[in-house]
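Subject: Structure for you to look at

Hello,

Here is the structure I said I would pass on. Please open it first, then read the notes below it.

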Amino acid sequence: MAQQEDHFKKVISHAKEYGYIFGSSEIYDGLSAVYDYGQNGAELKKNIRDYWWKSMVQMNENIVGLDASIFMHPTTWKASGHVEAFNDPLIDNKDSKKRYRADVLIEDYAEKINQKAEKEIAKAKKRFGESFDEAEFVSTNPRVLRYREEQDTILKRMARSLEAEDLADVKALIEELGIADPDTGSKNWTDVRQFNLMFGTKLGASAETATDLYLRPETAQGIFVNFLNVQKSGRMKIPFGIAQTGKAFRNEIVARQFIFRMREFEQMEMQFFVRPGEELKWYEHWKETRLNWHLSLGLGKENYRFHDHEKLAHYANAAADIEFNFPFGFKELEGIHSRTDFDLKAHEEHSGKKLQFFDPELNENYVPYVVETSIGLDRMFLAVFSQSLEEEELENGSTRTVLKLPAILAPVKAAILPLVKKDGLPEVARKIIDDLKWDFNVTYDEKDAVGRRYRRQDAAGTPFCITVDHDTLEDDSVTIRDRDTMEQKRVKISELNTILHDKIDFKNWMKS
Ligand code: GAP
């Protein structure tokens, strides 16, 4: 645990030191849970967004993009249920005056029980070695079974109480479990209350005529209200999807854990419109497809798991999260929701406009069902960044800090380094940059000894260093160094473009 906390602290300071993430308006002491992306952060974020967009829109003939506004007609949020039901159950500690999400306190408690089960499994794995049968152990070991049942009972009771809006029982559960304020250990709690998460604002010049608006809390509704516009203008046939990326805003009361939970964040969402009755088949399809997308980045299969929802949102008939092993444990990274026809029907009712599809094969009109995939771009950033940051022990006993970002996402793909600042080497390095920069984001670095420059680029996450030395002047060859293996190869300058394409190109990456 202490090791995890230590790693998380390193992630935050490294992100600042290398120009990835800064606190918002820092010169005024910052704004809680709001962050700015620096020169490298903006590139990494853009590359994650592009990787998602290409995979979802460019690679699927039946998925198209959209860029809807942040402001929407206020009735949108009545129809979607956000005015009524987009609430968090909050509880205050009377002694520390700190506010928490009651469901998160209970989930964290349940996760601790799960960790005990995981510890038992890890111990047994070590004891039995090769012959260990995990499935058999998990289904028969009395301690693991007891921990799992305890966890299950707690989560089911919480889900039932939240579903029934029985907030008194949520408080009773916190008290029965003896959950204390994580910061102070106090168990002196207030009642649990609901708190709406939408930010309100005003449109219009004078107070009398201004219209009350909300900043959108999800990008999905921009897709629903444009369903027919896109379907008709694009002559889309069911099944088809509409994807968009963009900012969303939530007045998160308990905004902790760096960019994991922010008040202003970016979502990458896709709504897939299907025939009624076929939604669960597509739900399974998208669960698998999205997990494979994550795995394609090579951050380790063991760092992902599905979590099927016990408590379904007001619009869903099935829902699961893809959870990632963040520095503070497994938490939601992406949601896959079977949203039924809830949203389109609600918008039909509130707008009085039909939002239906004429299915020529069935010869009938219907309101399509929807399967949604929804991922937070900032959360994805944190997953990639935290998993990539390593303190690596080298054979000579020294350590190096290396940010092993997937090369396809790295902000800068290659650094071009003249061995010395004279003898015409900088000029050759500049010529290489002038050629590569048409296709790749590359940088020039001539300060310090080349070994220190390698370390600097390792820590910044640059996958390749290209060194120009005196031999280059004789034979047009350079050294290309791989960040992860530290292997160095001699190649011709004329080959550099192809080498980088082979390693970083979207097509080659996906195919390999
Ligand atoms: N349209 C469905 C929807 O918005 P959600 O589970 O509330 O569902 C989807 O959000 C994703 O958005 C989450 O899985 C998470 O990655 C991201 N997300 C939600 N709230 C966030 C916040 N406050 N800060 C950063 N990312 C957030």
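Start with Glu269, which has a polar side-chain atom 2.5 Å from a nitrogen atom of the ligand. Keep in mind while you look that this is a predicted model. Taken alone, the ligand exposes 560 Å², and 93% of that is buried by the protein. The largest share is that of E13, with 6 residues.

A polar side-chain atom of Glu218 is 2.6 Å from a nitrogen atom of the ligand. For Glu252, a polar side-chain atom lies 2.9 Å from a ligand nitrogen atom.

How many residues surround the ligand? The count is 21, and the closest are Glu218, Arg250, Met262, Glu269 and Glu332. Sorted by class, this shell has 10 charged, 6 nonpolar and 5 polar residues.

Next, please turn to the second largest pocket, which has a volume of about 400 Å³. It is lined by 17 residues, and Asn47, Lys54, Ile408, Lys413 and Ile504 are the closest to its centre. Which helix gives the most to this lining? That is H2, with 6 residues. Helix H2 covers 39-58, and both this helix and helix H17 (496-504) supply at least two residues of the lining. By class, the lining has 7 nonpolar, 7 charged and 3 polar residues.

The lining of the second largest pocket also draws on two domains. Domain 1 (2-86 + 197-386) and domain 3 (412-511) each provide at least three of its residues.

Two points about the backbone remain. The peptide bond from Ile238 to Pro239 is cis, and its omega is near 5 degrees. To find Pro239, go to the loop between helix H10 (227-233) and strand E9 (240-249).

The other point concerns Ala33, a residue other than glycine with a positive phi, near 65 degrees. Look for Ala33 in the loop between strand E1 (21-23) and strand E2 (35-37).

Regards

Terms used: Residues are numbered from 1 along each chain as its sequence is written. This is a predicted model: local features need pLDDT of at least 70, side-chain atom pairs count only at pLDDT 80 or more; totals for chains, interfaces and linings use all residues. Side-chain values use heavy atoms; hydrogens and water are left out. A residue is near a molecule or strand if one of its heavy atoms lies within 4 Å of it. A polar contact is a pair of N or O atoms within 3.5 Å; within protein, one must be able to donate a hydrogen and the other to accept it, and residues adjacent in sequence count only if both atoms are side-chain atoms. Accessible areas come from the Shrake-Rupley method with a 1.4 Å probe; for residues, only the protein chains shown count as cover. Helices (H or I, at least four residues) and strands (E, at least two) are DSSP runs, numbered from the N terminus. Ala, Val, Leu, Ile, Met, Phe, Trp, Tyr, Cys and Pro count as nonpolar, Asp, Glu, Lys and Arg as charged, and the others, Gly among them, as polar. On a 1 Å grid over the protein atoms alone, a cavity is a set of points where a 1.4 Å probe fits but cannot get out, and a pocket is an open set with protein on both sides within 12 Å along at least five of seven lines; lining residues have an atom within 4 Å of a point. Grid points are joined across faces, edges and corners, and a volume is the space filled by probe spheres set on the points. Domain bounds come from an automatic or database domain assignment.
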